[in-house]
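The following exercises are intended for a reader who is new to this structure. Each one sets a task and then works through the solution step by step.

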Amino acid sequence: MSCTRIINHFNHSGDLPNDCVTFFFLLQVLITPLNVTSISDRDASKAGLKPVCKWKAYRLEDYPGFMFISDPFLPGWQRYWAKQCLKIYPRKPNICNLDLHMSPEETKDLWEQSREQLRLKSFVKREAKSLLEKLRWVTLGYHYNWETKRYSPDHYTAFPTDLAYLSEQVAAACGFQQFKAEAAILNYYHFDSSLGIHVDESEMDYSKPLLSFSFGQSAVFLLGGLKRQDPPLPMFIHSGDIVIMSGRSRLLYHAVPRVVPNPEGKAIPSCLEHTMTRDSCSDDTNCQQSVEGDWEICMKYLQNSRVNMTVRQVLGVGQSFPIESDTGKKADSKLFSYHQDSEEENQHKRQKLINEDVAGSP
C-alpha cells in the first residue's frame, strides 16, 4: 500500500491499515550503537540531554541510515524546547505561514498576542482560534522558499544558538561530528492536521543528516522508499523522540498522516509534567527560568497539538550558493504557501547518493 493510499485511509477512518501493521512487525528493530565519547556528559546536559550512554537508539534492518532515539532529554527540558517553539522561535525576524496574509507588525510576537486567549480557552465549546493556534510552520536560518524549493543567501536570519547546540550534540553522538545547523522548519500540528508525502532534497549536501525533534501529542510517521509509490513503514513518534535520516534514508519519502493522543491517555504526556531539577540545569546551561504562567499557556496548547523541529545543514564544506539571476532573487524575496510535494529535478543527486551508499557498503 502506497503512502498516498494510507494517508487517504487515515483521512477516512483514522485507523492503521491491517497490511501496514503486518508489515511493521515483520521488520527487525535493532539497537544501534552511538558514539558515547563524542560529547561529554557536561556538554550533553547543556543541551538538556542525558549522558549519551543512557540513550536508547534503534535502527531498522532494511533502512540503512535511519535512526530513532527514544526521549533522551533530562527532566524538564522537553518543556524548555516546547516553549522555545511556541514563544521564541516564531518571533520576527523569523518567517511563518501567517506572514502570507498579515503584516510583519501583526505577526511580530504571536505569543503575546495569543497568551490570554489561550489561558482562558476551555476546549469544551467551539471558540475562535488564537494566532498561535493558526500557526502552521516557521522557518529558521536559511529560509526555505516553498515555491522555488530552494534556499538563498539573501533570505537568511541568524539561526538560534540553543537549537544549533542541541542539534550538533545529537548529530555528533550519531557519528556526524562536523554537522552544522543552518536551517530548520518547525511544523505545528493539531489533531486534525497532517503532512503530505514529501522528500527533503533542497539542501546542497545530502551527506549530512536530517534531525527531527517532536514534543507534545503523538503522531503516526510513514517512512517510505526512494520512489513515491513505494509502500511505507508506519511507526509512532512520541514526545521527546528524535528521528535521524542519513545515508540512503536521507532521501526517503515520508509523511505524517495523523496526530493522535499520547498513549498514556493524559491531557499531556508525563514527560512534559516534569520540571527542571538542579541536576539537570548546570550553571552554564542554555536553560532559562520560565516566566510565571508560561507553562500554563504551553500546556493548554499542547493538549491538542504537537510541535516538530526538523534541522538540516544546507551547504557542505567548501560549497556556496550558485549565482542567481535577478528573477531568482525576486522569487526568493517572496513568501509562498506550504508546498509538500517534491519534483524529479534533483534525481541525479539522489542517484549519486545511492551509488555512494552502495559503494561504501561492506
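A residue is called buried if its relative accessible area is under 20%, exposed if over 50%, and partly exposed in between, with a 1.4 Å probe and protein chains only. Helices (H or I, at least four residues) and strands (E, at least two) are DSSP runs, numbered from the N terminus. The model is predicted, so local features need pLDDT of at least 70 and side-chain atom pairs count only at pLDDT 80 or more, while totals for chains, interfaces and linings use all residues. Residues are numbered from 1 along each chain as its sequence is written, and side-chain values use heavy atoms, with hydrogens and water left out.

**Exercise 1. Determine which residues of helix α8 are buried, and what they pack against.**

Step 1. Helix α8 spans residues 294-302, and seven of its nine residues are buried, which leaves the helix mostly covered.

Step 2. The buried residues are Asp294, Trp295, Ile297, Cys298, Lys300, Tyr301 and Leu302.

Step 3. Contact is taken as heavy atoms within 4.5 Å. The buried residues of α8 pack against the helices α4 (77-88), α5 (110-119) and α6 (131-134), and against the strands β6 (183-190), β8 (210-216) and β13 (305-312).

**Exercise 2. Describe the largest nonpolar core and the surroundings of Met309.**

Step 1. A nonpolar core is a set of buried Ala, Val, Leu, Ile, Met, Phe, Trp, Tyr and Cys residues joined through side-chain atoms within 4.5 Å.

Step 2. The largest such core has 59 residues, and those with the most contacts inside it are Trp81, Leu163, Leu166, Phe213 and Met309. Helix α7 (residues 161-173) supplies the largest share of this core, eight residues.

Step 3. When residues up to four places away in sequence are not counted, the residues that Met309 touches include Trp81, Cys85, Tyr89, Leu163, Leu166 and Phe213.

Step 4. Another core, of 28 residues, lies apart from the largest one; among its members are Phe66, Tyr206, Phe221 and Leu222.

**Exercise 3. State the strand order of the four-stranded open sheet and identify the strands at its edges.**

Step 1. Two strands pair if DSSP finds at least two bridges between them.

Step 2. The order is β7-β12-β9-β10, and the pairing is antiparallel. Strands β7 (195-198) and β10 (233-237) stand at the edges; each has a single partner strand, so one side of each is left without a neighbour in the sheet.

Step 3. On average, neighbouring strands of this sheet are turned by 20° against each other, direction ignored. The axes behind such angles are lines fitted to C-alpha atoms, for helices over the stretch in contact; angles run from 0 to 180 degrees between N-to-C directions.

Step 4. Within the sheet, five bridges join β9 (residues 218-223) to the antiparallel β12 (residues 254-260). Ser218 stands opposite Val260 in β12.

**Exercise 4. Classify the aromatic pair of Tyr142 and Tyr156.**

Step 1. Rings of Phe, Tyr and Trp (its six-membered ring) pair if their centres lie within 6.5 Å; planes under 30 degrees apart count as stacked, over 60 as edge-to-face and the rest as tilted.

Step 2. The whole structure contains 10 aromatic pairs. In the pair of Tyr142 and Tyr156, the centres are 4.7 Å apart and the planes 50° apart, so the pair is tilted.

Step 3. Tyr142 is buried at 15% relative accessibility, whereas Tyr156 is partly exposed at 42%.

Step 4. Elsewhere, Trp137, Tyr144, Trp146 and Tyr151 form one aromatic cluster.
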